[in-house]
Amino acid sequence: MSTPPPRKAATFDWTTAFIAVLVLVSGTTVYLRDGWPRVLEILGHDFLLFVGIMPSLLAGCLLAAFVALLLPRETVRRWIGAESGITGIFIGAAAGVILPGGPFTIYPVAATLAVMGADIGAIVAFITSWSLLGYSRALVWELPFFGVHFVGWRILLSLPLPILAGLMVRPLANLLAKRFR
């Protein structure tokens, strides 16, 4: 059984730095406008939100780690790798439909599949399918609010979108890769 090589951690992450600057500016603005008690109230709510999210995030990261250990890299490459063609995009889209969970589950799994050799088209189809066609979202959230008629039409019209997104991203990614080499 093969394991993926450990990913190299970036020494400086521009995205995190940008978000940190936004937090600092917005926190200062709230402090100047509403005072310190309001800043503490927001920090308290955010801390509780963070504590509530941690179990889901941990579960998603563990699932991604187990996927990396359980699925042989060769199988991932053969099913959803660069040579998998349209079949890989369909497999990615089908996996997005059936895999339950929120972004804390899906994104670590998608990142793990990418590290294991999955094609960008299959990963885009996977994430697009999960966000548009995920069964758990439709059953738990959409059907009670919108009913079968609305949800059925929405899903039917969304069916081709993950496949189209997966097909469209491949040439774009290749073009960008050639351009920035």
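A salt bridge is a side-chain nitrogen of Lys or Arg within 4 Å of a carboxyl oxygen of Asp or Glu. In this structure, which is a predicted model, D119 and R170 meet that description, with their closest N and O atoms 2.4 Å apart. This pair links distant parts of the chain, since D119 sits in the loop between α5 and α6 while R170 belongs to helix α8 (residues 160-179), 51 residues apart. D119 counts as buried because its relative accessibility is 10%, and R170 counts as buried at 16%.

Side chains of opposite charge can pair when their charged atoms come close. A search of the whole structure finds four salt bridges. Another of them joins R154 and E142, whose closest N and O atoms are 2.8 Å apart. E142 has a relative accessible area of 11% and is therefore buried. A further salt bridge connects E41 with R38, again with the closest N and O atoms 2.8 Å apart. Both E41 and R38 lie in helix α2, three residues apart, which is about one turn of the helix. E41, at 40% relative accessibility, counts as partly exposed, and R38 is partly exposed with a relative accessible area of 35%.

Helix α2 spans residues 36-70, and other features of the model also involve this helix. A nonpolar surface patch of about 650 Å² is formed by F47, L48, F50, V51, M54, L57 and F104. Helix α2 supplies the largest share of this patch, namely six residues. L48 is placed in helix α2 and counts as exposed, because its relative accessibility of 59% is over the 50% cut-off.

V67 is found in helix α2 as well. With a relative accessible area of 16%, V67 is buried, because buried means under 20%. Leaving aside residues up to four places away in sequence, V67 touches L113 and M116. T128, by comparison, lies 61 residues from V67 in sequence and 20 Å from V67 in space, C-alpha to C-alpha.

Three aromatic pairs are found in a search of the whole structure. In one of them, the rings of Y31 and W36 have centres 5.9 Å apart and planes at 80 degrees, so the pair is edge-to-face. Y31 counts as partly exposed at 42% relative accessibility, and W36 counts as partly exposed at 48%. Y107 and W130 also form an edge-to-face pair, 5.9 Å centre to centre, with 70 degrees between the planes. This pair links distant parts of the chain: Y107 is in helix α5 (residues 103-115) and W130 is in helix α6 (residues 120-133), 23 residues apart. Y107 counts as partly exposed at 42% relative accessibility, whereas W130, at 6%, counts as buried.

Finally, the model can be set beside a record. An unreviewed UniProt entry carries the annotation "transmembrane region" for residues 12-32, 47-72, 79-99, 105-133 and 145-169. Over residues 12-32, the model shows 90% helix and 0% strand, with the end C-alpha atoms 30 Å apart. For residues 47-72, the span is 92% helix and 0% strand, and its end C-alpha atoms lie 38 Å apart.

Note on methods: Residues are numbered from 1 along each chain as its sequence is written. Side-chain values use heavy atoms; hydrogens and water are left out. Helices (H or I, at least four residues) and strands (E, at least two) are DSSP runs, numbered from the N terminus. Buried means under 20% relative accessible area, exposed over 50%, partly exposed in between (1.4 Å probe, protein chains only). Contact means heavy atoms within 4.5 Å. Patches are made of residues with over 30% relative accessible area and no salt bridge: like charges are joined within 9 Å, nonpolar side chains (Val, Leu, Ile, Met, Phe, Trp, Tyr) within 5 Å. Accessible areas come from the Shrake-Rupley method with a 1.4 Å probe; for residues, only the protein chains shown count as cover. UniProt positions are given in the numbering used here, feature names are shortened, and annotations may be inferred rather than shown by experiment. Rings of Phe, Tyr and Trp (its six-membered ring) pair if their centres lie within 6.5 Å; planes under 30 degrees apart count as stacked, over 60 as edge-to-face and the rest as tilted.
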